[in-house]
Amino acid sequence: MNSVTPGRTAIHKAGPEDVETLIPLITAFHDEEGLDSDETHIRHAITPILKGSPHGELFLAGPRRAPAGYVMVSYGWSIEFGGLDSYMDELYLRPAVRGRGIAGDVIHALSNHLAAKGALSLYLEVDHDNEQALRTYQRAGFESRGRYSLMVRTLT
């Protein structure tokens with residue numbers, strides 16, 4: 001998939017040639033969220049994906065030469081949902097373009113792409129205090145799994 005345009009915003013699958021465009025976007029997101037990462041960490045994390053790893057995909061949102069942001073999805077398998085599932089690991093839009101419906105367009109395009117690949121579900125993680133993001137995701141059809149909490153155990 002080179003690009004998908006469901007509404008006003010196209011997403012473009014990122015490749016190795018997009019690394020220098022992605023790094024400042026990812027850095028901005030990590031800074032905004034207070035995540036501890038640096039350029040070396042980011043390069044190490046995204047290089048296999050950009051080179052075609054089957055574990056996920058990165059997309060630029062908006063014009064490829066001057067993207068409005070990016071979205072990263074990873075893949076897994078679910079007995080509960082009956083097969084391939086996906087996880088939206090990061091969705092970032094530049095602050096100047098937020099509030100225009102771009103996130104909804106990106107999620108719609110990504111959802112169509114994932115369904116065409118055979119994915120049966122799309123998960124995401126959102127800060128309980130980020131009311132704007134919560135509203136955006138709810139409008140896009142996401143719902144809380146109520147009794148479940150996302151937990152993590154770092155292995156290294």
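**Notebook: salt bridges, strands and a charged patch**

Arg64 and Glu17 are joined by a salt bridge, and I find their closest N and O atoms 3.6 Å apart. I looked up where the two partners sit: Arg64 is in the loop between β3 and β4 and Glu17 in the loop between β2 and α1, so this pair ties together parts that are 47 residues apart in sequence. I then checked their cover, and Arg64 counts as partly exposed because its relative accessibility is 30%, while Glu17, at 57% relative accessibility, counts as exposed. I note for all entries here that I am reading a predicted model.

Next I asked how many salt bridges a search of the whole structure finds. The search gives 8, and I followed up two further pairs.

I turned to Glu57 and Lys13, whose side chains meet in a salt bridge with an N to O distance of 3.2 Å. Glu57 belongs to strand β3 and Lys13 to strand β2, which covers residues 11–13, so the contact ties together parts that are 44 residues apart in sequence. Is Glu57 buried or exposed? Glu57 counts as buried, because its relative accessibility is 3% and the cut-off for buried is under 20%. Lys13, by contrast, has a relative accessible area of 32% and is partly exposed. I also note that Lys13, Glu57 and Lys117 are linked in a network of salt bridges.

The other pair I looked up is Arg145 with Glu80, a salt bridge in which the closest N and O atoms are 2.8 Å apart. Arg145 lies in the segment after α4 (131–139), and Glu80 lies in the loop between β4 and β5, so parts that are 65 residues apart in sequence are tied together by this pair. For Arg145 I read a relative accessible area of 31%, which means partly exposed, and for Glu80 a relative accessible area of 53%, which means exposed.

I went on to the strands on either side of that loop. Strand β4 runs over residues 69–78 and is mostly covered, with 7 of its 10 residues buried. Which strands does β4 pair with? Strand β3, residues 56–61, pairs with β4 in the antiparallel sense over 6 bridges, and as one place to look I marked Gly56, whose bridge partner in β4 is Ser74. Strand β5, residues 83–93, is also antiparallel to β4, and 10 bridges join the two; here I marked Val73, whose bridge partner in β5 is Met88. In the hairpin of β4 and β5 there are 4 residues between the strands, and Gly82 takes a positive phi near 90°.

I then examined Ser53, which I place in the loop between α2 (39–50) and β3. Ser53 counts as buried because its relative accessibility is 18%. I also compared Ser53 with Ile26: the two are 27 residues apart in sequence, and their C-alpha atoms are 19 Å apart in space.

My last entry concerns charge on the surface. Which residues gather in a patch of negative charge there? I list Glu33, Asp89, Glu125, Asp127, Asp129 and Glu131. Of these I followed Glu33, which lies in helix α1, residues 19–33, and which counts as partly exposed because its relative accessibility is 38%.

Conventions: Residues are numbered from 1 along each chain as its sequence is written. This is a predicted model: local features need pLDDT of at least 70, side-chain atom pairs count only at pLDDT 80 or more; totals for chains, interfaces and linings use all residues. Side-chain values use heavy atoms; hydrogens and water are left out. Patches are made of residues with over 30% relative accessible area and no salt bridge: like charges are joined within 9 Å, nonpolar side chains (Val, Leu, Ile, Met, Phe, Trp, Tyr) within 5 Å. Accessible areas come from the Shrake-Rupley method with a 1.4 Å probe; for residues, only the protein chains shown count as cover. A salt bridge is a side-chain nitrogen of Lys or Arg within 4 Å of a carboxyl oxygen of Asp or Glu. Lys and Arg count as positive and Asp and Glu as negative; His and the chain ends are not counted. The place of a charge is taken as NZ of Lys, CZ of Arg, CG of Asp or CD of Glu. Buried means under 20% relative accessible area, exposed over 50%, partly exposed in between (1.4 Å probe, protein chains only). Two strands pair if DSSP finds at least two bridges between them.
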